[in-house]
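Me: I have a new model open and would like to learn how to read its features one at a time. Could you take me through it?

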Amino acid sequence: MSINFNQPPWRQIIIPHKDIISNQTTAREFVVDLGDLQHLRNDCQADIENFFERTYFTEGLVRIIETVLLRLSGQGGDPVILLQAEFGGGKTHTLLTLYHLLTSPVIAKKHLKNCKRTEKIASLLESIENAEKVHIITFTGTQIDPLTDKTLWGEIATQLGKYELIKSHDIQKVSPGKKKLKAILEDSLPIVILIDELTEYVAKIVTGKHQKLIPSAQILAFIQELTEVIAGLPRAMLVMTIPKHESEIFSEEVTSFLKKLKKILGRMEIQHAPVQANEIPFIIRKQLFTKITSKEEISQVIAQYQRTYEETKLYLPLKQSLVDYQKQMINSYPFHPTLINLLFERWSNIPTFQGIRGSLRILSLIISDLWKKKDPHPLILPGYVDLENPTIQRELLKHLDVNWEKIIRTEITEENARAKIVDQTLGRQLQAFQLTKKIATSIFLNSLKDRSNHRGITTAEILLMNLLPEHKVILLNNILDKFRKESWFLHYDKQRYFYTTMPNLNYLIKLREENIDKSTVEEHIYSNIKKMIEKRPKTHIWPKTPMEIPDKEEIQVIILPLSKPHSSNETTKFAREIYNKAGKNNIRVKKNMLILVAADAQQIPTLLQLVKRYLAIKEQVNEKDKTIPSYSLKEIKDEFEHLKATLPYKILMTYRFAGISSQEGVFWMDMGLPKPSDDDSLTNRAVNFLKSQQLIIDELTPIYLVDRVFSKEEPSKSLREIWSLFLSTPGFPILENKKVLINTIKEGCKQNLLEIKIKDQSPITSTTKDEIPLDAQIINLTVLDSHDNDSSKLLESEEISTTLKDETALINYLFLESELQHPEITWHDFYRGVIIPLIKDKDHSDIKISITIEWKSKKGLSEEILEQQIKESLAQLPIRIINLNTKKKTENTTDKDH
């Protein structure tokens, strides 16, 4: 799925250099040593042109060049310049600029005249008489082999053609002294000596056997002598680079040397920082891009982001005003400032990365990759660094421990990487943005320690690095929360997110989960279900055979095992066996007293996984692993308590289907999701639900017995027979107990509908006894009435409709109209109070009853309700359905939905 934005992509506004687009640049392009350039004086004009085209003249660089040119032209200027910056902070590039400036002044002046800041440099360059004859001495410590090459003073004398003057000193590795040095240098004016990577040179000679060849003390002596000689010679200049921070050197010997060197130079050198932090974006743009097609479109893109930031500023970590940040975004375009900052604040702390040079290399690869993919984004954010690109991945990983490759694969790049798993759970439109993958990438790039020794980034920083005008803060927060629960190497210390090579608790728990078998999980679920049942009614948990369930005259609840969810054919077969088989005799009679509770097949995997994680976390917590960070341990304990509290509710969610006996075998009903206010009793949930559906009743109207139990042919039955009907007949309501039936019979006697005959006693219509003998006969008085023949037709006929024999008889209509939100009518009372009096009218003929139900529904009646509830219930009643129309009423019809 393609992604469309309201603003044009950066590719249409700013154009990279051709070699960047084609990815023809190499790491060497951004890390050139002075020693590589001596052959460029005559035959590499194109390279020199390209160098000046891509050089941004910072304020520091301009000051350094002006100082050197003033000194070489005899107009003053400091004799010694010490360049201090982090690795890759522009030191070597400054020396390269001086080298090209003095060796190719014609080419240099052409580019210098195009910039107001460099006009003075062009003028000074012209003032140097015979500028191309300036002697330029270069020494690069990384290219010199102390075992085979000459010493520092030997190299300088050789390049000036005066090696014989100090040959013996070079061989014996002893500094020649100021007198010799002056003799070598004063005939070569104007002269500039460029010394780069001296500490790297010293690092190679401070070990045991090399120390004997060139004592570092002799190098320090030579530097002191050299600076003093240079200071006394007009038109002589020394420019030297050293690291800004001693901590960048990983040797105590080199650190000691550097401290002594700074002390020697401190008397006369002028320190310069070639690059300020606010100039870095301009250097990057000059190095990587050739032109901007529309500054107005850049402003429009940034303005749209600014509006988003204004709306969400409470969630963002902007330390400066939005106006200042807008300027920063414009200067950094097409990169988001956070991408440039993380390279210089974090990756530049790695000695091998080398600041500007390392950043340019990475950014050039990113540009090339996105250009080929026709990237549609208006800005390049940290998350767009595609770690699936092998070249980009290798360039980053070469600075890190080898174990970081596993993190990248597991979390971001593999087909089943943790970030991709979360992305797949998002909506289809969001999946195209790969938001989780981008968040994970931005966290990875920020997992190194910054200059304040902080690793990782806050939630607010993640939002700033990934928020698009098209998305909301809450969306990114939700994705971040999901990803934290899925990741295997992501850590969160309650303030910052970061990766480490140490797996997090998610991973450790996953390993434990793999060792927990399904039977262990099911045993735990079983033990929790045991805690969620009541003593009454009797409950059977996970019976293996129907024989385990006795045939009793009381309600029994059967919790089916997870292997038998309500929707499977195997469950249907097992349920039928339960209703038909019981005990030793293998025959079940009282099937109407059984309530089945079955699990939702779709919820079972979630329940199993929840319990498996719970058990794994329990093991982890009990182990008390001291290597686990305190912030992780607190988090996992909180999750443990949460899962423990959640489990009963999850079991209720899973066991959401209740089943009762029906003519087809079993009739399933969905109990729906449990309410938070419900108790944790699985038994009560099933029983209360069936009560709400009036399938388990604690009160029965006498007219129900009259209608359903008796007939014209059998106007009386024993109490035992009636009780047996309720126990065994599918479709009959489940009575809470036998007392419900006895109370109904007593009420029927009071209403002159029933009477009781006990053995040889006279029939009675009232009794105060709590019990009635099972062999007592219950007589239906309405059937014995002389007019009850016609009423029996009403109860037994499928369609009650006849033609009046007396053609002169009057036809009377009884119109009833009632508007009820919920038709909570006791229909037996309606029958007794309305229909019975009509039946007892001596002049009545037949009665025809017609019921029309109108309801409102946006979607119409679902097939599940129609088939499993309404039709099933109607099938149990002596009613013939003439028309059951469930179609919605349209404008062209006057029929009501019914």
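Reply: Let's begin with burial: a residue counts as buried when its relative accessible area is under 20%. Keep in mind that this is a predicted model. In helix H16, the residues that pass this test are Ile298, Val301, Ile302, Gln304, Tyr305, Gln306, Thr308 and Tyr309.

Me: What do the buried residues of H16 pack against?

Reply: Their partners are strand S7 (289-292), helix H17 (322-332) and helix H25 (459-466).

Me: How many residues of the protein chain are there, and what share of them is buried?

Reply: The protein chain has 898 residues, and buried ones make up 50% of them. Its secondary structure comprises 39 helices and 19 strands. As for contacts between residues at least 6 apart in sequence, 71% join residues at least 24 apart.

Me: Is H4 mostly covered or mostly open?

Reply: Mostly covered, with 11 of its 14 residues buried. Among them are Leu61, Val62, Ile64 and Ile65, but also Glu66 and Arg71. After H4 comes Gly74, which has a positive phi, near 75 degrees.

Me: Now pairs of helices. How do H5 and H6 lie relative to each other?

Reply: Helix H5 (residues 91-103) and helix H6 (residues 105-112) pack at about 110 degrees, with axes 5 Å apart. The two are therefore roughly perpendicular to each other. At the contact, His100, Leu101, Leu102 and Thr103 of H5 meet Pro105, Ala108 and Leu112 of H6. By class, these residues are 5 nonpolar and 2 polar, with no charged ones.

Me: At what angle do H15 and H19 cross?

Reply: The axes of helix H15 (residues 280-288) and H19 cross at roughly 50 degrees and come within 11 Å. H15 and H19 are therefore oblique to each other, and the crossing is right-handed. From H15, Ile283, Ile284, Gln287 and Leu288 meet Ile356, Leu360, Leu363 and Ser364 in H19. This contact has 6 nonpolar residues, 2 polar and no charged.

Me: Let's zoom in on H19. Is Ile367 buried or exposed?

Reply: Ile367, which is found in H19, is buried, with a relative accessible area of 0%. Leaving out residues up to four places away in sequence, Ile367 touches Trp10, Pro16, Ile20, Phe289, Phe335 and Ile380. For a sense of distance, Ile367 and Val385 are 18 residues apart in sequence and 9.3 Å apart in space, C-alpha to C-alpha.

Me: And where does His377 lie?

Reply: His377 is in the loop between helix H19 (355-372) and helix H20 (390-397). Its relative accessibility is 5%, so His377 counts as buried. With residues up to four places away again set aside, His377 touches Phe5, Pro9, Trp10, Tyr384 and Lys438.

Technical notes: Residues are numbered from 1 along each chain as its sequence is written. This is a predicted model: local features need pLDDT of at least 70, side-chain atom pairs count only at pLDDT 80 or more; totals for chains, interfaces and linings use all residues. Side-chain values use heavy atoms; hydrogens and water are left out. Helices (H or I, at least four residues) and strands (E, at least two) are DSSP runs, numbered from the N terminus. Buried means under 20% relative accessible area, exposed over 50%, partly exposed in between (1.4 Å probe, protein chains only). Contact means heavy atoms within 4.5 Å. Axes are lines fitted to C-alpha atoms, for helices over the stretch in contact, and angles run from 0 to 180 degrees between N-to-C directions. Angles under 35 degrees count as roughly parallel, over 145 as roughly antiparallel, 65 to 115 as roughly perpendicular and the rest as oblique. A crossing is left-handed if the near helix is turned anticlockwise from the far one by less than a right angle, and right-handed if clockwise. Ala, Val, Leu, Ile, Met, Phe, Trp, Tyr, Cys and Pro count as nonpolar, Asp, Glu, Lys and Arg as charged, and the others, Gly among them, as polar.
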